[in-house]
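I opened my notebook to walk through this structure one look-up at a time. Come along and check each entry against the picture.

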Amino acid sequence: MIWRAQPIIGIKTGGWKRREEGYIQRLYDKNQAANNFAHIITHHLVVRRQKMVDLEKELAAMREYYSSGNTRDASWRRAQLRGLLLLLHENQTEIFNVLKQDLGKHPAEAYRDEIGSTIKSINYALDNLKGWMSSEKAKLPKVALLTTAAIVPEPLGLVLVISSWNFPIGLSIEPLIGAIAAGNSMVLKPSELAPSCSSFLAQKIPAYLDSNGIKVIEGGPTVGEQLLQQKWDKIFFTGSAGVGRIVMAAAAKHLTPVTLELGGKCPAIVDFLSSSWDIEVAVERVLGAKFSACAGQACIGIDYILVEKKFYPTLVELIKIKLKTMFGENPRDSHSVARIINRHHFLRLKCLLDDPNVRASIVHTKKSQEVYIEPTILVDPPLESMIMEDEIFGPLLPIITLQKIEDSIEFIRSRPKPLSLYAFTNDRSLRKRIISETSSGSVVFNDALIQYLADTLPFGGIGDSGIGRYHGKFSFDEFTHYKAVAWRSFLVDFWFRFPPWNDHKLQLFRHCYEYDYLGVILTVLRLKKPKPSSAS
Amino acid sequence: MLWAAGGCGRTLVFGYHFTAKSDLPLLPVLSSCPAISLLCRSASASGTFPVMAEEENRVFGASEASLLIRELRDSFKSGRTKSYDWRVSQLRGIEKMIEEREKDIIQALYMDLSKPELESFFSEISTSKSSCKKALKELKKWMMPEKVKTSMTTYPSSAEIVSEPLGVVLVISAWNYPFLLSLDPVIGAIAAGNAVVLKPSEIAPATSSLLARLLEEYLDKSAIRVVEGAVPETTALLDQKWDKIMYTGSGRVGRIVMAAAARHLTPVILELGGKCPAIVDSNVKLEVCVRRIIAGKWAANSGQACISIDYIITTKQFAPKLIDALKKGIEESFGEKPIESPDMSRIVNAFHFKRLVNLLDEERVYHKIVLGGQREEKLLKIAPTVLLDVPEDSQIMQEEIFGPMLPILTVENLEEGFEVVNSKPKPLAAYLFTNNEQLKKEFVQNVSAGGMLVNDAILHVTVPGLPFGGIGESGIGAYHGKFSFDAFSHKKGVMYRSFEGDSSVRYPPYTPKKQRLLKALINGNIIGIILALISWYRK
């Protein structure tokens, strides 16, 4: 979705240097006339290598800064979080502008999805930071006399956050909140596909935050690749599964843990709803979650609808009416639907509709022009068509009709696990079945997208939709190492813990592990005979 | 921890001495890999290798692996493994198996490692059993969905976090605690309701084949399986799509496992090792301290444990006293001739014996021996050996020792010791022996390690309330107790909304009033909400 899937070559700097130099040598040998050309290439390579060296130096300095312990201080963490808050408060108009430029987002949508939600998260982190940072006592069995144990949170070190273009501000800052709260130093690489937002972040973050510990590095696949060659203590990636695989493979070289926030085809089950109010609300929520969240370019946006055959005519009619009230006769002029990020994705989406069988299933659309696609509704496109195989990530909404709504469970189970599953239903037994029989990152009943705002729920995928989770305390956890610490005193010791071994000691161990305290006493007093041992 | 062989996909893994050559061109034929043949030879040379190859003539390859995983996936899809009853019955099965077959287990461990019965009992059998008991006792609580509060932003709603099994998981275990390190993760995987494949280490063959037999006998075969084998079998397994892979072993193989997992976006838990330091202060009760060091080094599988003490840091003045006490303590524990003591495990095989002897025989290292140094190649035994002030750049201070040698580094003051520890890759465990409260505090604050224990060694892993896992080079993820359950569960956020209390503010068309209301709602600003609702606002 974001980068071209490029193979990562020459992980060891020495490797690619040698390979590239060999290539240049051959150019010289083959044809002297190509000398000039080779000079240009050499120059290019020298520049690239220099950039790599610069990057390594920069990161070394950041590691040094982390080692100094500054980022661990609660005061530093608070100051940075407040800095973020200030950044968001003071630059709202500019954020509205850059989001308009990159994605044509309406300010209300921008505020709801990117600014407001982030402000809320920062406030939540500030309110809870003290509790998160304090260590937690662990319970101990009685045999562990005079021992105390605790789980102590400690930052991971230098972390890399790679964010995506669809919520270029929100998905950049949300992980930063966790990384800062946990006391790490970090590099953010915003997506180059939302260039205005990327340069906004690169400009503003150093102005509001401690640039020794928090850096923004802009760039495309080449920079991404160079960053991935470095050693990080955590990589947090939001984007496509294809690039996610590349990120994880690169992380494996340094044993770096990863959090991958990917996507998937998120289904919305719409059960037969008897009350007209319920239906109306459900349709509003579905359309809101599809078309008004970055025009469907959201990892938790609704990808398709599952509905019973007999209910679908009512649903489609209502959708058409509601689309009109939400976006007017001419949705483009309403400025309430974002545009497609770029030509490449525009063509991809058009391509999905090019299949004649898919085209035939369209029941509602307007003409699409430039990089803008009108909300489009399709009914029963072929299940093996691209539109039903790939994540749509655009304002196209297929409706799949089923005989019985219960069939939706099997329908979802037979496909890769989605990041979210939505179900509009008042049927308790169906709800129960959905929770226990399907698997997805999260489940929301009777609404959509709203789970993104819940600080108390983990946000993250499973299977193809991702690894790890964040938001609220989970963000803090994701960037924290929970160190197990136990303290012992020299006073009490069980002499039988140490060799030379004998049956008497074995018996004592038996009692201890079974927490049979009476047995321990009896054996110690030699009132209980030890069982003879078995091995030689 | 060192696992001498393992591999994935088209990537071949080389024996121990080929470290850090991951970018070598891939070898096409397995048998041409010298390390593998060396390993085979070394295994048969150890003399205690049971005959098991004959009955395993059928090679476990790609098609067998995919067949196996399909079977297990079907079992998982049937939903059987998700039920509380199934989980409990399997855990009870494990408990029963340990109780009934204790003797067989002790024998297998003796064959593989000459592990003293008592050590086998308390470090492998009891620990597995208590972790099984703990899971049985707490399972109901662990499985219960956790209700969470929801904020005003999403009002009215309710929410909970549901733990759901991941699916079909792979557990690759190690040879040093071949029983515990196989069963402990399997217990977690079962408790969380997954189907499991266990691949025990081929370097502890007796335990591996015992596990294969016992798990089949005591547990549900349709969802819990053991695949025995070495590199080719592991390769075939790693090629499949799993829902989680838990690997215990070396960092080198850990990288291969994670790279293989990346192809299927499979999350991993890597339990690796590292050089675990013990910093010893001069104000300690020496006798107790030394006993605990002995328990944390030589009584822990002869130092072949991922959390055993790798090296000691102490002050220059205190070192001689410590060495004297160690001498006395070793004699008390293992007798005058420790190499003949039945209370110490042997080195696992000739390959590792050779590796350890090479570490010891390095020119600059050998004459630093202050205690021990004897070895008996036939028995694969090396006496408890203490070395003083070996050079920092010698091999023994560069790699995880994983054997009965204990170098002591001396420093001017112990804070300097913290720097020594921090200058190396992060260890799985770090130990400090002191009565100085300030030093304890600094240690916890400034030293990074998977876990740490003050005034003892190893015992912290027996605390089920503590997570066990590494950081950096020492691993990814943690387990034990509830953490095992969590490691094999997906935490699914579930949110319930009703159709009542909807506000059109969330949906287009967007008006200025909606924008203001939205701001107030998201910020949880009640007055703002009211003001916006009654359209009373400041420009």
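This is a predicted model: local features need pLDDT of at least 70, side-chain atom pairs count only at pLDDT 80 or more; totals for chains, interfaces and linings use all residues.

**Entry 1: two helices in chain A**

I began with the contact in which A:Ile279, A:Glu280, A:Val283, A:Glu284, A:Leu287, A:Gly288 and A:Phe291 of H10(A) meet A:Leu315, A:Leu318, A:Ile319, A:Lys322, A:Leu323, A:Met326 and A:Phe327 of H11(A). I sorted the residues of this contact by class and got ten nonpolar, one polar and three charged.

Next I looked up the geometry. Helix H10 covers residues 276-291 of chain A and helix H11 covers residues 312-327, and their axes come within 10 Å and cross at roughly 60°. That angle makes H10(A) oblique to H11(A). I also noted that the crossing of H10(A) and H11(A) is right-handed.

**Entry 2: another pair in chain A**

At what angle do H5 and H6 of chain A pack? I found about 5° between helix H5 (residues 107-133) and helix H6 (residues 170-181), with the axes 10 Å apart. H5(A) is therefore roughly parallel to H6(A). On the H5(A) side I listed contact residues including A:Glu114, A:Ser121, A:Leu129 and A:Trp132. Among their partners in H6(A) are A:Gly170, A:Ile173 and A:Ala181. By class, this contact of H5(A) with H6(A) holds seven nonpolar, four polar and two charged residues.

**Entry 3: a pair in chain B**

I moved on to helix H4 (residues 102-113) of chain B and H5(B), whose axes come within 10 Å and cross at roughly 110°. The two helices, H4(B) and H5(B), are therefore roughly perpendicular to each other. I wrote down B:Glu102, B:Ile105, B:Ile106 and B:Leu109 from H4(B), and B:Glu117, B:Ser120, B:Phe121, B:Glu124 and B:Ile125 from H5(B), as the residues that make the contact. The contact of H4(B) with H5(B) divides into five nonpolar, one polar and three charged residues.

I then stepped back to chain A, which has 20 helices and 16 strands. Of its 536 residues, 60% count as buried. Chain B has 19 helices and 20 strands. Buried residues make up 64% of the 539 residues in chain B. I also looked at contacts with a separation of 6 or more: in chain A, residues 24 or more positions apart account for 71% of them. For chain B the corresponding share is 71%.

**Entry 4: the nonpolar cores**

Which residues touch the most other members of the largest nonpolar core? They are B:Ile293 and B:Tyr431, in a core of 152 residues. Helix H5 (residues 117-143) of chain B gives the most to this core, with nine residues. Leaving aside neighbours within four places in sequence, I found B:Ile293 in contact with B:Val280, B:Ile309, B:Ile312, B:Leu322, B:Leu326, B:Leu406 and B:Phe433. Another core, of 104 residues, lies apart from that one, and A:Leu87, A:Leu176, A:Ala295 and A:Val337 are among its residues. In soluble globular proteins, nonpolar side chains tend to be buried together.

Is B:Met452 buried or exposed? Its relative accessibility is 0%, so B:Met452 counts as buried. I located B:Met452 in strand S16 (residues 451-454) of chain B. Beyond neighbours within four places in sequence, B:Met452 is in contact with residues written in both chains, including A:Lys483, A:Val485, B:Phe443 and B:His460. I also took a distance: B:Met452 and B:Leu210 are 242 residues apart along the chain, and their C-alpha atoms are separated by 33 Å.

For contrast I picked B:Glu287, which is found in helix H10 (residues 286-297) of chain B. B:Glu287 has a relative accessible area of 60%, so this residue is exposed. From B:Glu287 to B:Phe443 I noted 156 residues in sequence and 23 Å in space, C-alpha to C-alpha.

**Entry 5: positive phi values in chain A**

Where is A:Leu449 found? A:Leu449 sits in the loop between strand S14 (442-445) and strand S15 (466-467) of chain A. Phi of A:Leu449 is near 70°, a positive value in a residue other than glycine. With a relative accessible area of 15%, A:Leu449 is buried.

Phi of A:His471 is near 90°, a positive value in a residue other than glycine. A:His471 is buried, with a relative accessible area of 1%.

Note on methods:
Residues are numbered from 1 along each chain as its sequence is written. Chains are lettered from A and ligands numbered from 1 in the order in which they are written. Side-chain values use heavy atoms; hydrogens and water are left out. Axes are lines fitted to C-alpha atoms, for helices over the stretch in contact, and angles run from 0 to 180 degrees between N-to-C directions. Helices (H or I, at least four residues) and strands (E, at least two) are DSSP runs, numbered from the N terminus. Angles under 35 degrees count as roughly parallel, over 145 as roughly antiparallel, 65 to 115 as roughly perpendicular and the rest as oblique. Contact means heavy atoms within 4.5 Å. Ala, Val, Leu, Ile, Met, Phe, Trp, Tyr, Cys and Pro count as nonpolar, Asp, Glu, Lys and Arg as charged, and the others, Gly among them, as polar. A crossing is left-handed if the near helix is turned anticlockwise from the far one by less than a right angle, and right-handed if clockwise. A nonpolar core is a set of buried Ala, Val, Leu, Ile, Met, Phe, Trp, Tyr and Cys residues joined through side-chain atoms within 4.5 Å. Buried means under 20% relative accessible area, exposed over 50%, partly exposed in between (1.4 Å probe, protein chains only).
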